[in-house]
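I set out to record what I looked up in this structure, entry by entry.

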Amino acid sequence: MIFQRAARREFAHSTAGVFTALFAIMVTTQLIRLLSEAAQGSVDPGAVAALLGFASLNYLPPLLSLSLFVAILLTLSRSYRDSEMVVWFSSGLSLTAWVRPVLTFALPLVVTIAALSIFLSPWALSQSTEFRGKLSNRKDAGQVAPGSFQESSSGDRVIFVEGIADDTSHVRNVFVSEVQAGRLGVTMAGTGHQEIAANGDRFIVLQDGRRYELDSGTAGFRILEYARYAVRLETKEARGIQRTPKNMPVLELLQVDLPAYRAELLWRIGMPLSAIVLVLLAIPLSFVNPRAGRSANMLLAILVYVLYNNLLTISESWVAGGKVSFVLGMLAPHAMMLCLLPLMFYHRIAVSSFQRLAR
């Protein structure tokens with residue numbers, strides 16, 4: 001028990017160290033991407049921190065799964081190199097005796113990964129989409145700036161005002177160009193002001209002006225004179241957030257029986273399942289032969305991890321494309337890796353290796 005407690009303590013330290021390194025790399029990469037978007041004007045500089053937090057929540061499940069796998073692999077490999085495994089085996093314990101302490105340590109993290117992948121990651125994606133929509137709303141709502149042409153986020157409207165009154169109650173010499181249903185409309189007015197409707201929509205109200213409407217593909221146009229004309233500064237928030245399988249709550253996802261939604265559900269459920277399989281695979285993969293070098297088992301472990309992730313990605317794409325059923329796509333990659341598990345344990349436990357048996 002003392003030996004196992006020490007091993008679990010080392011598991012925790014290794015997991016924290018690996019996760020910190022991976023998390024720092026992820027945050028740096030996302031920060032560079034968001035700062036690039038902010039420099040291009042597609043993201044408000046003040047929103048970088050919030051969007052970075054939402055992105056971090058989204059990437060936590062794969063980072064925790066990989067950290068757990070690498071931490072157990074490194075800890076047990078060090079035990080081989082320092083001959084601590086000799087003490088373990090000489091005490092009458094086999095390699096399979098590591099399954100219980102490894103699972104005891106890993107299960108709380110696997111539960112955390114399940115909660116993140118099934119609930120928190122979709123929520124973070126939804127909040128990120130909503131936050132970006134609010135930023136676009138602010139940009140559209142505040143786009144009436146004197147002396148410059150302001151384009152809406154949708155790209156279908158351009159507004160220009162020459163100046164603002166001293167008491168900021170109205171603007172002077174307003175020009176609005178917009179495209180609606182294939183028809184170009186140009187509106188001009190001497191004065192205008194902003195109003196907020198009861199539902200929160202913002203309008204710019206023009207007074208005593210003219211509107212020219214041109215039909216695309218024809219030479220005809222119409223001229224309208226008006227005393228009052230309201231132009232809504234339409235936003236993404238007014239149209240609502242677009243729901244996709246990745247940002248939908250799990251309860252809504254279960255109600256839609258379509259391949260793309262089933263594929264997303266497969267990915268969310270597969271993340272904690274793959275974490276359990278990976279920690280079990282790390283036990284036989286951690287074997288180190290002092291005469292064969294210290295990196296041979298790490299190369300094999302990386303190969304197994306990449307193969308497992310590719311199987312999960314392929315099964316998700318096949319379910320999304322309707323090529324295989326949801327149950328088969330969910331069980332097949334995990335079953336294939338679990339079938340390798342007893343073979344790998346036997347290869348490390350058996351007195352004779354497979355090569356000797358072949359001779």
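**Entry 1: helix H8 and what follows**

I looked up the backbone just after H8 and found that Gly322 takes a positive phi of about 75 degrees there. I note at the outset that this is a predicted model.

I then checked the length of helix H8, which runs over residues 296–320. At 1.5 Å a residue, its 25 residues should span 36 Å, and the end C-alpha atoms lie 37 Å apart, so the two values agree.

Next I asked which residues of H8 are buried. I listed Asn297, Ala301, Val304, Tyr305, Tyr308, Leu311, Leu312, Ser315, Glu316 and Val319. For the spacing in such a list I recalled that an α-helix has 3.6 residues a turn, so residues three or four places apart point the same way.

What covers the buried residues of H8? I found that the cover includes helix H2 (48–81), helix H7 (259–285) and helix H9 (326–349).

**Entry 2: aromatic pairs**

I looked up the aromatic pairs and found seven in the structure.

I then turned to Tyr80 and Phe287, an aromatic pair that is edge-to-face, with 5.2 Å from centre to centre and 80 degrees between the planes. This pair, too, links distant parts of the chain: Tyr80 belongs to helix H2, while Phe287 lies in the loop between H7 and H8, 207 residues apart. I noted that Tyr80 is buried, with a relative accessible area of 12%, whereas Phe287 counts as partly exposed at 29%.

I also recorded one aromatic cluster, formed by Phe11, Trp98 and Phe105.

**Entry 3: the sheet**

I looked up how the strands are arranged. Six strands form an open sheet in the order E1-E2-E3-E4-E5-E6, and the pairing is antiparallel. The edge strands are E1 (149–151) and E6 (221–232), each of which pairs on one side only. On average, neighbouring strands of this sheet are turned by 20 degrees against each other, direction ignored.

How many bridges join E3 and E4? I found nine between strand E3 (residues 171–180) and strand E4 (residues 183–196), in the antiparallel sense. Within this pairing, Val174 stands opposite Ala189 in E4, and Ser177 stands opposite Val186 in E4.

E4 also pairs with strand E5 (residues 202–215), antiparallel and over 13 bridges. Here I noted that Thr191 stands opposite Gln207 in E5.

**Entry 4: the chain as a whole**

The secondary structure comes to 10 helices and six strands. Of the 359 residues of the chain, 38% count as buried. The accessible surface comes to about 19700 Å², and carbon and sulfur atoms hold 62% of that surface.

Finally, I looked up the reach of the contacts: among those between residues at least 6 apart in sequence, 57% join residues at least 24 apart.

How values were computed
Residues are numbered from 1 along each chain as its sequence is written. This is a predicted model: local features need pLDDT of at least 70, side-chain atom pairs count only at pLDDT 80 or more; totals for chains, interfaces and linings use all residues. Side-chain values use heavy atoms; hydrogens and water are left out. Two strands pair if DSSP finds at least two bridges between them. Helices (H or I, at least four residues) and strands (E, at least two) are DSSP runs, numbered from the N terminus. The expected span of a helix is 1.5 Å times one less than its number of residues. Buried means under 20% relative accessible area, exposed over 50%, partly exposed in between (1.4 Å probe, protein chains only). Contact means heavy atoms within 4.5 Å. Rings of Phe, Tyr and Trp (its six-membered ring) pair if their centres lie within 6.5 Å; planes under 30 degrees apart count as stacked, over 60 as edge-to-face and the rest as tilted. Accessible areas come from the Shrake-Rupley method with a 1.4 Å probe; for residues, only the protein chains shown count as cover. Axes are lines fitted to C-alpha atoms, for helices over the stretch in contact, and angles run from 0 to 180 degrees between N-to-C directions.
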